[in-house]
Amino acid sequence: MSVVWFAGIALIVAVGYAAACYVRPFTACHRCKGTGTAPPRLWDRLRRRITHPRAIHGRPDCRRCAGTGLRLRIGRRTVNYIRRVRRVGR
Ligand SMILES: [Zn+2]
């Protein structure tokens with residue numbers, strides 16, 4: 001009986017995660033934590049003391065999310081990948 005229970009719970013979790021990925025496909029970028037700017041590096045901090053155009057105009061865009069602060073969830077990325085594979089196969 002425990003195997004059936006486990007399968008049922010796993011199914012519910014999977015459906016819930018799929019629904020969450022459908023409703024909110026994006027989540028905050030891990031690297032910039034949703035701000036869209038690259039985290040300050042040691043080199044940037046050292047250069048900021050000297051007058052530098054980048055230091056005045058603020059931090060550069062996050063390279064991982066291109067300044068959007070958003071990141072596709074793994075579940076949504078999987079759905080997109082499956083869709084693409086199906087379209088190619090057809
Ligand atoms: Zn980012």
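**Figure 1. Lysine 33 in the loop between β1 and α2.** Lysine 33 sits in the loop that joins β1 (26–28) to α2 (42–49). Helices (H or I, at least four residues) and strands (E, at least two) are DSSP runs, numbered from the N terminus. This is a predicted model: local features need pLDDT of at least 70, side-chain atom pairs count only at pLDDT 80 or more, and totals for chains, interfaces and linings use all residues. Residues are numbered from 1 along each chain as its sequence is written. Lysine 33 has a phi near 55 degrees, a positive value in a residue other than glycine. Lysine 33 is exposed, with 12 other C-beta atoms within 10 Å.

**Figure 2. Alanine 66 in the loop between α3 and β2.** This loop runs between α3 (53–57) and β2 (70–72) and holds alanine 66. Phi of alanine 66 is positive, about 60 degrees, although the residue is not a glycine. Alanine 66 counts as exposed, because it has 11 C-beta neighbours inside 10 Å.

**Figure 3. The packing of α1 against α4.** Helix α1 (residues 2–23) packs on α4 at an angle of about 85 degrees, and the axes are 8 Å apart. The pair is therefore roughly perpendicular, a label for angles of 65 to 115 degrees (under 35 is roughly parallel, over 145 roughly antiparallel, the rest oblique). Axes are lines fitted to C-alpha atoms, for helices over the stretch in contact; angles run from 0 to 180 degrees between N-to-C directions. Tyr17, Ala18 and Cys21 of α1 meet Gly75, Arg76 and Val79 of α4. Contact requires C-beta atoms, placed from the backbone, within 7 Å. The residues of this contact divide into four nonpolar, one polar and one charged.

**Figure 4. Helix α4, end to end.** Helix α4 (residues 74–89) has 16 residues. At 1.5 Å a residue it should span 22 Å, and its end C-alpha atoms are 22 Å apart, which agrees. The expected span is 1.5 Å times one less than the number of residues. The number of buried residues in α4 is zero, so the helix lies largely in the open.

**Figure 5. The whole chain.** The chain has four helices and two strands. From the N terminus on, their order is α-β-α-α-β-α. Buried residues make up 4% of the 90 residues. Among contacts between residues at least 6 apart in sequence, 74% join residues at least 24 apart.

Conventions
A residue is buried if 20 or more other C-beta atoms lie within 10 Å of its own, exposed if 12 or fewer, and partly exposed in between; C-beta atoms are placed from the backbone. Two residues are in contact if their C-beta atoms, placed from the backbone, lie within 7 Å. Ala, Val, Leu, Ile, Met, Phe, Trp, Tyr, Cys and Pro count as nonpolar, Asp, Glu, Lys and Arg as charged, and the others, Gly among them, as polar.
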